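Here are my notes on the model, point by point. Have it open beside you as you read.

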Amino acid sequence: MNLKKIYKNKNNIYLIIAFLFIMHQSNSFKNLFIINKFDITERLVKYSGYCENASYGFINDVYKENLIKENIEILNDNPNFTFNNSIWFKYYTNVEIDKNKIILLNNKNSIYYIDNDTVKLTFKKKVYGIYKISKKFDNCFYLEKND
Amino acid sequence: MIEILNILYLLVVCFVMFSFPLNNIYIKKKLINYNLGIFEIYSANILFLLTLFLFSSFFNFNIIYLFFTIFSFALLNLFFFDWKICKKQIIPLIILFLFLLSYSLEISTYPYLDWDASVNWIFKTLNFKSNYGFENLKNVPGYVGYPHLGTYLWALFWKASFIDYEYTGRFVFIFIYLLSFFTLVDNSKISTINKVILLIVIITICFDKILLYGYQEPLMFSVCIIFVTLVEKITNKKNLYLNYTLLIFCANLILWIKNEGMLILVLLNFFILFKKQITNKIKIILFSIFIALILIKKNIFLFYFGQFIFGWEGYEFIAISDFFSFEVLQRLPFLIYQIAITIVKYPIYLLFIACILISLIKEKNFIKNLDFILFFLFNISMAMAIFYLTTDLSWKHHAKVGLDRILYQTSGVYLIFILRFLENFIFNNKKN
């Protein structure tokens, strides 16, 4: 009975077609599935990388594991992401940058191993000094100043 | 599921918030002269509220209070809301909601910020979200010379969200962007079903990923459409104070969304210049106010930051003597090629060119569409000139990544002509 009513009203048919078209053309059904299946952190890691590109995953883990509530220097050796692209993930406005902590992403030739967990960091010809490796994943490093 | 509920909540917030202040049975009685449709009222409210946000961005206070204040007023306004006007447009409203939902889902699925957004705009947003004002922008990364209005809006809606992620603040851009299309067709004399088909086609054609990745272009796109729609609505009736006030608000907002807004505003003035229904006296007053707005913006930037940049940071014009030097002239083929790519990339341009050619052939009246023709020619020339006249040696890179976006943000204006063309030649022919 209800179906008949819907069918009789032309506008409803047009609306159903419009609904299907709009939802289909921007993959809304797939997007609904993705949002339900993966939480926001997983989605951010998927599109910004764990230890590649802007490396949201690694930065997020460093901040979470070390309960960091300040800005720390983030250096990215990937030529497409050398500017500030990765800073904003954990940026605190008007909080100074702690120069004793550095996150180095997508390292190519920026560190020179002194021993197993101590490195000398030189990024874009700027010598940063000696740092202790606090966390390492692939080519991403969380470094703390070696006092 | 929580995220989806949050999306729905924010979409409802957009609908409620921007229904205030004008859609009120008492105010509407006074605005009977203006013959405003629901989407035009929403656009007018957007101009009012964005102007209020622009003003409040200069003060340091918790933006959540601002949000709650306006939202409470908007909720109260629902008791005096003119629901009849909504009932008339129920199908377009449903279509708007569907598009809004589908694009919001897309943003939520890919919470990604593109280059300019991740190195510039997001820091301004974070500044406002942390309850700092305009003055503090000099302490955050990114170009201090870029205007901030869009980022304030972004911060406000991010703060209003139950989920603390930046992408939630960007749904409002989609809302304003989509609403501009509906404003375009609000008063057109075509049937609802044709309206809906037209809307679906033009929104699909105009869609670009720029919309999703945190750029300010969608906002500029919408405000440009609203500006020209307002000019088009001016008739011989007297005392259209609301239209002129909104036009001034709109011009001011254009200046505060992006740096090139200044040039865009100059180009948009063609529509005022060629509008016969606006008297010369009012034209002069409007132009004077626009110049004053530009000067006010310039002085605010000089006062707070000691600089007023045009284009990107470090942008400088080449010397006049170099305008036609061989070295600079060599840029032309590349820029023309980039323009050609952009025109193909955004079908609105192709559609506009086709419509204007057919219109010129059929009507044989060049003067009638002079405003659009001049806007188009100057718009293309302006986009090229930005890269042609710079001393920056990396002009080629800037043109590659920026020229299409510059042309995208003004492309909405051509929709007004396309719509007028379709109304005259297709929909009306069918009726006859």
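1. A bit of bookkeeping before the sheet: two strands pair if DSSP finds at least two bridges between them, and helices (H or I, at least four residues) and strands (E, at least two) are DSSP runs, numbered from the N terminus. With that in hand, Thr118(A) stands opposite Lys132(A) in β5(A).

2. This is a predicted model, in which local features need pLDDT of at least 70 and side-chain atom pairs count only at pLDDT 80 or more, while totals for chains, interfaces and linings use all residues; side-chain values use heavy atoms, with hydrogens and water left out. Residues are numbered from 1 along each chain as its sequence is written, and chains are lettered from A and ligands numbered from 1 in the order in which they are written.

3. On to the sheet in chain A. Its six strands run in the order β1-β2-β6-β5-β4-β3, the sheet is open and the pairing is mixed. At the edges sit β1 (71–76) and β3 (111–115), each with pairing on one side only.

4. Asp115(A) is bridged to Thr118(A) of β4(A), and Tyr113(A) faces Val119(A) in the β4(A) strand. On the β5(A) side, Val119(A) has Tyr131(A) as its bridge partner. β4 (residues 118–123) and β5 (residues 126–137) of chain A also run antiparallel, joined by six bridges.

5. Two backbone spots in chain A deserve a check. In the hairpin of β4(A) and β5(A), again with two residues between the strands, Lys124(A) has a positive phi near 50°. Leu67(A), also not a glycine, has a positive phi near 45°; this residue is in the loop between α5 (56–65) and β1 of chain A. For context, most residues other than glycine have a negative phi, and most peptide bonds are trans.

6. Chain B has its own backbone item: the peptide bond between Phe20(B) and Pro21(B) is cis, with omega about 5°. Pro21(B) falls in the loop between α1 and α2 (25–30) of chain B.

7. How do the chains meet? Contact (heavy atoms within 4.5 Å) involves 40 residues from chain B and 33 residues from chain A. The buried area is about 3,300 Å², 69% of it from carbon and sulfur atoms; buried area is the accessible area (1.4 Å probe) that two parts lose on being put together, summed over both. Leu98(B), Thr109(B) and Tyr165(B) lose the most area on the chain B side, together 16% of what that side buries.

8. One helix pair crosses between the chains: α3 (residues 28–37) of chain A packs on α1 (residues 2–17) of chain B at about 125°, axes 8 Å apart. The contact uses Leu32(A), Ile35(A) and Asn36(A) from α3(A), and Glu3(B), Ile4(B) and Ile7(B) from α1(B).

9. Within chain B, the domain assignment (automatic or from a database) gives domain 1 (2–315) and domain 2 (317–432). Their C-alpha centres are 24 Å apart. The two domains bury about 3,500 Å² between them, 75% of it on carbon and sulfur atoms.

How values were computed
Axes fitted to C-alpha atoms, helices over the stretch in contact; angles between N-to-C directions.
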